[in-house]
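Trainee: Could you take me through the side-chain contacts of this protein, with the criteria behind each term?

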Amino acid sequence: MIGSNIEKNKDNLKSFLQSFIEEAKRGQRERKPFALGYSYIGHNGKESGHSVVVCGYHRKSSGQHEILIYDENSYISEDKKAKFYTFTISEDCSEFYYKDDNANYWKYTIEDQWTRLSYYGLDTLYNNDKMLKIYSKPVTTNIKVSYGKKFRLENAKGEWLAFDGKNYTGNMKVYDCYTSGTYFKDFWNITVDKTSKFTLKDTEKECEFAGVVGNQGYYVVSRGAEKIDLEPSGVITSGNSYKLDIAIQSSKCDYIQIQSEVKGSVKIVQNKDDIAISSKDDCKNIKVYSYDYGEKQEVKSNKNNSGNVKIDTSKIVKHYSIEYKLNGGNISNNVFNYTKNTETFTLKNPTKSGYIFTGWTGSNGDTPQTTVTIKKGTTGNLSYTANWEKLKSSKPTVTFNAKSIPLKLKQSTTAIKATLQKGDTVKSWKSSNTKIVKVTGKSNGTCKLTAGSKTGKATITIITKKGAKATLIVTVQKDTVKTTKISGLKNIKLEKGKTYTLKPILTPLTSGEKLTYKSSKSTVVSVTSKGKLTAKAAGTATITVKSGKKSVKIKVTVPKVATKSIKVSTNSVNLKKNKTYTLKVTLNPTSSTDKVTFTSANKKIATVTSSGKITAKKKGKTTITVKSGKKSVKVKVTVK
């Protein structure tokens, strides 16, 4: 049988989590789920506990371990659905994150509260329960009754369960039973068969009662009521004179609270946005409040002529939760709940020592985003998981784009640049001999070097704010610095009409020899004195780049591009004798390399030049054919 446990000791946590991961892997591999149990200090200051079922294991691409957890408290029998939760363990097994159905309700996380963690076989899950017999049948519905208070619970089948202050008796089947605490009270949570009615009676003073009948949940505090009935249609209480305090689950908020002083019986029914309170006897001093994420709002109620009260909940503004799974990170002053009327806001990002925050995932999708904005009008509960990237521990570095350079006397250059690590800046620039070379540098790593009137060598030293250091040797000489190499060029393709500027790299960077450019076929590709290429026509041209005695040749190919269509400025021209008109032609695509030709069908009436200029000769009609490749269009010409 598997079994291991750990009390709250950070030194032992890593080994426990490592063994827990291995058991989860084995459980998934062998299809044998097991139990996870934990203890924690509850809201009442007492140690409480809970057990859940471990169902599977998954390793995330980030390295985190995810263990799939089933919590039977989340089971909804009407829908036959249950929630699954994730027990997340960091890659190095130094920390974990887990929130089950109880913790989700009470807004705490297990890793902040736990006093003991353990895992063990499912057959030991209820071994310590001596008070009630637990039946192995699926969960149906859950009833809460004040812990330690006398009560008698009956259902619609006539089955009953009673507590006389010492012992539990009855014939009602119980499938699960555990205690849970609030700030001031402890409760028995009893799972029993779902029926159409539950009745609580013979109660001790201030015994509290909660349950779900149908799809409606109720929580009733009655000081003096003789009987409380929970039915699908509502809650019915009866007694001589008592105070009634009832909470009703609502789609509009967490719950709606109704307080009243009652003599006799009263029935409270909720139907969509309306709550009705009816009583044949005396029901007075009615107060109604809505509660949502700790915010209390008073709700108006109206009493009709028959004495019944109607409560309209349609104007309650519902709050929605925002859950943050920080995976070991820290965050402050973020928004944890909002309404559809909340102004647009952006989530604040968390921090984690030794890690870089790479973004939120969850309700915003699976791609991490460092900026997540919740727009006004948004509705629904949201959940976001923080994603991290571990920082690589390395010493700060800074490098120059050259180890050494020559300069001619009095020569200046801005070609030298320092590459800094992200977030670093230059603290200081220094020349070992300012008579040979002076340096004027900026914090971003750029600088200007100026040679003096004296030959020799000097060292330029740069120091960054993070403590990185780099040096550059500068040699000042009398003669012009000559080019020893030309690089950074390659053969290219260039569509007709397109341009491209060559960016050759000279070695040394401080060469004083001029760069020149020459095209072998300027009708195909032209080049300017600054290295700008322009594709003119289909074909191949060789571009020669020269500096001093060094030269490099590259091929520039202008591919053939066929004309797909021809557009002319007009489809018909009317001219008087000796007048002219020049056709404007646009090819599709504009990069077409096909030549454009113009032909007149009758040169005696009108002629046309190679550039599209039409000249009227004598009265009559003719056509001009404009052709490019395999495409052509005709233009009608009328001479008057």
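Mentor: Let us begin with exposure: a residue is buried under 20% relative accessible area, exposed over 50% and partly exposed in between, using a 1.4 Å probe and protein chains only. This is a predicted model, in which local features need pLDDT of at least 70 and side-chain atom pairs count only at pLDDT 80 or more, while totals for chains, interfaces and linings use all residues. Residues are numbered from 1 along each chain as its sequence is written, and side-chain values use heavy atoms, with hydrogens and water left out.

Trainee: Is K376 buried, exposed or partly exposed?

Mentor: The relative accessible area of K376 is 47%, whereas that of E343 is 52%, so E343 is classed as exposed. The value for K376 lies between the two cut-offs, and therefore K376 is partly exposed.

Trainee: What is the relative accessible area of D229?

Mentor: D229 forms a salt bridge with K227, the closest N and O atoms being 3.8 Å apart. K227 is partly exposed, at 32%, but D229 is buried, with a relative accessible area of 5%.

Trainee: How many aromatic pairs does the count come to?

Mentor: Rings of Phe, Tyr and Trp (its six-membered ring) pair if their centres lie within 6.5 Å, and planes under 30 degrees apart count as stacked, over 60 as edge-to-face and the rest as tilted. By this rule the number of aromatic pairs is 20.

Trainee: How are Y38 and Y98 arranged as an aromatic pair?

Mentor: Their ring centres are 6.1 Å apart. The angle between the planes is 80 degrees, and the pair is edge-to-face.

Trainee: How many residues apart in sequence are the parts that Y255 and Y291 tie together?

Mentor: Y255 and Y291 are stacked, at 4.9 Å centre to centre and 15 degrees between the planes. Strands are DSSP runs (E, at least two residues), numbered from the N terminus. Y255 lies in strand 19 (residues 255-271) and Y291 in strand 21 (residues 282-292), so the pair ties together parts whose separation in sequence is 36 residues.

Key:
Helices (H or I, at least four residues) and strands (E, at least two) are DSSP runs, numbered from the N terminus. A salt bridge is a side-chain nitrogen of Lys or Arg within 4 Å of a carboxyl oxygen of Asp or Glu.
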